[in-house]
Amino acid sequence: MKDESQLQVRSKDAESSLILSSARSSLAARGRRDAEAIDRQPDEREHPTIGKYRRLAEAGDAGAQYELGSFYDEGCGVAQDYVEAARWWRKSAEQGHVAAQFSLGSIYYNGQGVVQDYAEAVKWFREAADQGDAAAQFNLGMMFREGQGVDQDHVEAVTWFRMAAEQGHAEAQNCVGYAYASGFLQVPEAHQREHRGERLDYEEAARWWRKAAEQDHPGAQFNLGMMYADGKGVPQDYVEAYKMLSFAVANSSEQDRARRSEKRDIVAMKLTSEQLAAAQRMVTEALRERDEKLPSIMEAFKESLRMAREAELEA
């Protein structure tokens, strides 16, 4: 099984190979209606919302500085200007604003509005990670794993992955699962497996992959499916393997879908026609229920963020 995890940062361009995190996006947080209202404002007149954030930012308010930086980052109501975004995020980050610290780490990683500097990216991700930010903890783990801005250290990487994973970060949970399956971790003796001199713990790998799979992480779904197919860490169960691999295919990018479909189809050949039909019905029903719930969940999330922004402005 291959660990395909990637750093989660703001996008540098449309062709970025990095996994993008929209959770920090001020534009997305304000919601489509607010963003469209700002975009409709004539260029020569600053939108009142931006003006209010600017006045607060200039007075030293860290939250407003972060938001103003986000306006410049997105080009929302102002000309897109990554240098200005970096300037305002730095002011906010230096006051301990977690989202600004994460954003500043991201632009140093990308070299966007600043000279690319992995060591600076590590510095700001660590600032946010030390405040408990799961995405920053995950990114620190990735940078230790890849040796970017720090000496490569797999043990330190897994330490940060675990911190993020315990907060429910799906990508980090996938990485912790991979660490157990690959022997990067020292594990309890009752669960040790000797393989090429490494200590493995397939039960723990399956446990962490299941957590990520329940959040629709396609890599974890694929890995858990293969564990069921091979009987590693879980009882061998081709029906469960087929279901997990089917979820992985449904949630995968086009790049990964063909490879994962091939593995699923191999497992399908081990099922009776009745088992296959039943498994396919269960997958179809589960995906239908998920798709029906998703719009209401997203609307509730957007509304809560919009109310939080309004409260912030009124404060």
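Predicted model: local features only at pLDDT ≥ 70, side-chain atom pairs only at ≥ 80, totals over all residues.
What is the handedness of the crossing of H10 and H11? The crossing of these two helices is left-handed.

**Confidence of the model**

The average pLDDT of the protein chain is 83, and 74% of the residues score at least 70. Among the elements of the chain, helix H7 (residues 118-130) has the highest mean pLDDT, 98, whereas strand E2 (residues 19-20) has the lowest, 30. Over residues 11-43 the pLDDT stays under 50, and the model has 61 contacts beyond four places in sequence for this stretch. A further stretch with pLDDT below 50 comprises residues 194-198, with five contacts in the model beyond near neighbours in sequence.

**Helix packing**

| Helix pair | Axis separation | Angle |
|---|---|---|
| H4 (residues 62-74) and H5 (residues 82-93) | within 8 Å | roughly 165 degrees |
| H9 (residues 154-165) and H10 (residues 170-182) | 8 Å | about 135 degrees |
| H10 and H11 (residues 202-213) | 8 Å | about 165 degrees |

The axes of H4 and H5 cross at roughly 165 degrees. Because angles over 145 degrees count as roughly antiparallel, H4 is roughly antiparallel to H5. H4 passes H5 in a left-handed crossing. On the H4 side, the contact is made by Ala62, Gln65, Tyr66, Leu68, Gly69, Ser70, Tyr72 and Asp73. H5 contributes Tyr82, Glu84, Ala85, Trp88, Trp89, Lys91 and Ser92. Classified by residue type, the contact of H4 with H5 has eight nonpolar, four polar and three charged residues.

H9 and H10 pack at an angle of about 135 degrees, and H9 is therefore oblique to H10. H9 passes H10 in a left-handed crossing. From H9, the residues Val158, Phe161, Arg162, Ala164 and Ala165 meet Ala172, Gln173, Cys175, Val176, Ala179 and Tyr180 of H10. The contact of H9 with H10 comprises nine nonpolar residues, one polar and one charged.

H10 also packs against H11, at an angle of about 165 degrees, so the two helices are roughly antiparallel to each other. Here H10 presents Ala170, Gln173, Asn174, Val176, Gly177, Tyr178, Tyr180 and Ala181. Their counterparts in H11 are Tyr202, Glu204, Ala205, Trp208, Trp209, Lys211 and Ala212. The residues of the contact of H10 with H11 divide into 10 nonpolar, three polar and two charged.

**An aromatic pair between H4 and H5**

The structure holds five aromatic pairs. One of them, formed by Tyr66 and Trp89, is stacked, with 6.4 Å from centre to centre and 25 degrees between the planes. This pair links distant parts of the chain, as Tyr66 lies in helix H4 and Trp89 in helix H5, 23 residues apart. Both Tyr66 and Trp89 are also among the residues that make the contact of H4 with H5.

**The surroundings of Asn251**

Asn251 belongs to helix H13 (residues 238-251). Which residues are in contact with Asn251, leaving aside its neighbours within four places in sequence? They are Asp216, Pro218, Gln221 and Arg290.

Conventions:
Residues numbered from 1 in each chain as written. Heavy atoms only, no water. Axes fitted to C-alpha atoms, helices over the stretch in contact; angles between N-to-C directions. Helix = DSSP H or I, 4+ residues; strand = E, 2+ residues; numbered from the N terminus. Parallel < 35°, antiparallel > 145°, perpendicular 65-115°, else oblique. Left-handed = near helix turned anticlockwise from the far one by under 90°. Contact = heavy atoms within 4.5 Å. Nonpolar A, V, L, I, M, F, W, Y, C, P; charged D, E, K, R; others polar. pLDDT = per-residue confidence, 0-100. Phe/Tyr/Trp six-rings, centres within 6.5 Å; stacked < 30°, edge-to-face > 60°.
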